[in-house]
Amino acid sequence: MKTIQEENTTKKDIQALLPVLIALCLIPLVILTKDYQTEFSKFPWFNNTELNQIDSFEYAKGVLVIIMGVISAIVICFSEYGKMQKKKRLFENADLKVIILVAVYLIMVIISSLFSEHSNLVFHGGGYGQWQTIWVLLGYGMLFMYAYLFINSEKRGLLTIKFLMITTGILALMGVLQTLGHNPLSWKWVQNIITSQSSVEGIDFKEGVSNVILSFNNPNYVGPYIALILPISAAFIFLRASEEKSKAIAAKIAGVLIVIGLVRTLIGSSSSAGIISVLAGVVMALILILSGVFWGKRPETEEKTVSDEHPHKNTKEGLIIGLCALAVLVAAGIFTFQSSYIQNTLNKLLEGGNDTRNVASIVNNKADELDITLRNDTHFTLAPKVDANGQFTITAYDDSKKPINIQQTAEQGIYTLSDERFSMITLAVNNFSIENQVYSGFKINDAPNSISWTFVFKDGKWRYYTPFGKFTRLHEVESFGFKDYQNIANRRGFIWSRTIPLMKDYWFKGIGPNAFIIAFPNDDFVGSKRVGDTTTLVDKPHNAFLQIYIQTGGISALAYGGLWVLYIIGGIRIFWRRKQYRNIDMIGLGLLVGIFSFAVSGITNDTIIGTQVIYWTLLGTGYAVNRIIRSKDQQ
């Protein structure tokens, strides 16, 4: 039984950890609809008018992140000021390298925001559904620092994980219900709460996409979340969560159920990134655990314990843990192979490897002609003309200036190029009525793939008529890599090939938070259509590092990555060849594997508030737990 003094201590610990607990346990559950408008009408890749939109999954979470960030900053300032009054140095228990990396990241976020030309997106968010404003990004940093500084004992570390498991259990249950077709977010009374601050009466979900979304806006984010949380939940099973035997057993049972629920949710979400990240985490965990089983060596500084009298006990415990983990991996592998989940994942990743789209680029050149490049790197030029009498003619020539004969087909207005190299291209000549005006023009058709681009003669120039009802001149779009793999991993090859060249322009301060959609060449109408058949806006790079790099600059991205690398290296040093696992060690290992897995998922997924607030807070927790472990090892 707990004494009154123990209960009071626990209450004080909970009060001290409130910002961390709210960030981990409350914010991920918040879903509240906000009405807003998207205004990018000045760009050729957007509609002529603003769009009325709603956001249910990010805005409200962002508000809470800002509030918790402010509270964290205030408490940290008061705490450090108190230490200064006692003649202690600032952040005396913190690693200076960690403080420097966080400071560099936050400073570059501020610089990027202050010098951005897109202040509305930077300070207020919205845009195309992006809400990670400067304030939210600063909030992440403050929550990281708070967790790092205030989780200063094993008891506080265990308390944090216990509270985290409550929210994880709720989300795991929600995920299981969603996989069974009983999405709690569709229940009438839940919808009434979600839309209580909106003009809409309810929210619905996209057709043809898994409804297993937990409390995020897309099933793609379920994978990274589970990759982060599943190892921690698995570690929770091995913890002694209570001194009372019945409560300890109940906690283990709850942990097992949570793990089962998370795995079922992951499969239901069809998140390829999730399954790959989880498997990567399993491999890492096995390597670390088995390193202790076969090469384990107790640190010379560690005092002998009762277990030293039984030299085979630690090895046996480690072997059991390793075999259990291996059994879980085998069982998961059998289950996923039976469900064809791995095969579907591989298909999604490799889709697009065989690129059959013929047109690679179309550019309006200085001579007001169209330079066309095909997939096989052959080139030709179309030279359309409209004389003073409005008479339309068109000629063509290849890159050696040799004329290409254009022949009319039996179909009215349809022409082909006689050269076999370009036989897959047809031209559809016509007059186009646009906004009560008639323009001479034609369509360039990639006939085998049923893709076309419309060009009209306006204001004395040939212009591309966009799907958004605008006229623009097509320019050469810089790309890097993925030449024959534009569609790989659900169009990510195309997105990455256009994003990587931007890195040289945004290495210092970036374009500003939330502004990736403006940096990306969304006026690459040929590239967009050739990978998706229709013009699709790209508002995120589907890569966490690239997203940070382009938005807040390369320096901030390196600091962000540096925090992860420093933590992973420190964690591996702690757990490599570790023979015996205490409660705090289990917590530390679970955090290490989860944060590693989350970073793996970031290769093909961007960041959102719902997952980033958990990641940043747990990263701070991981650093704090590792500090506690090192301190105990030295006792």
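Is Tyr-59 buried, exposed or partly exposed, and what is its relative accessible area? In this predicted model, Tyr-59 has a relative accessible area of 31% and is therefore partly exposed. Trp-131, by contrast, counts as buried, at 7% relative accessibility.

The ring centres of Tyr-59 and Trp-131 lie 5.0 Å apart and the ring planes stand at 70°, so the pair is edge-to-face. Distant parts of the chain are linked in this way: Tyr-59 belongs to helix H3 (residues 59-85), whereas Trp-131 lies in the loop between helix H5 (119-124) and H6, 72 residues apart. The pair of Phe-442 and Phe-455 has its ring centres 6.0 Å apart and its planes at 20°, and is therefore stacked. Here the link runs between strand S11 (residues 437-446), which contains Phe-442, and strand S12 (residues 451-458), which contains Phe-455, the two residues being 13 apart. Both Phe-442 and Phe-455 are buried. Ring pairs also join Tyr-105, Tyr-140, Phe-144, Tyr-148, Tyr-560, Tyr-567, Phe-598, Tyr-615, Trp-616 and Tyr-623 into a cluster.

Around Ile-362, residues up to four places away in sequence being left aside, the contacts are with Leu-370, Asp-371, Ile-372, Ile-444, Trp-453, Phe-455, Leu-474 and Val-526.

Helix H6 also packs against helix H4 (residues 96-114): their axes come within 10 Å and cross at roughly 170°. Helix H4 is therefore roughly antiparallel to H6. On the H4 side, the contact is made by Val-98, Ile-99, Val-102, Tyr-105, Leu-106, Val-109, Ile-110 and Ser-113, and on the H6 side by Ile-134, Leu-137, Leu-138, Gly-141, Met-142, Phe-144, Met-145 and Tyr-148. By residue class, the contact of H4 with H6 contains 14 nonpolar residues, two polar and no charged. Tyr-105, Phe-144 and Tyr-148 of this contact are also members of the ring cluster.

Helix H2 (residues 18-25) is largely enclosed by the rest of the structure, because six of its eight residues are buried. The buried positions are Pro-19, Val-20, Leu-21, Ala-23, Leu-24 and Cys-25.

Definitions and conventions
Residues numbered from 1 in each chain as written. Predicted model: local features only at pLDDT ≥ 70, side-chain atom pairs only at ≥ 80, totals over all residues. Heavy atoms only, no water. Contact = heavy atoms within 4.5 Å. Buried < 20%, exposed > 50% of the residue type's maximum accessible area, 1.4 Å probe, protein only. Helix = DSSP H or I, 4+ residues; strand = E, 2+ residues; numbered from the N terminus. Axes fitted to C-alpha atoms, helices over the stretch in contact; angles between N-to-C directions. Parallel < 35°, antiparallel > 145°, perpendicular 65-115°, else oblique. Nonpolar A, V, L, I, M, F, W, Y, C, P; charged D, E, K, R; others polar. Phe/Tyr/Trp six-rings, centres within 6.5 Å; stacked < 30°, edge-to-face > 60°.
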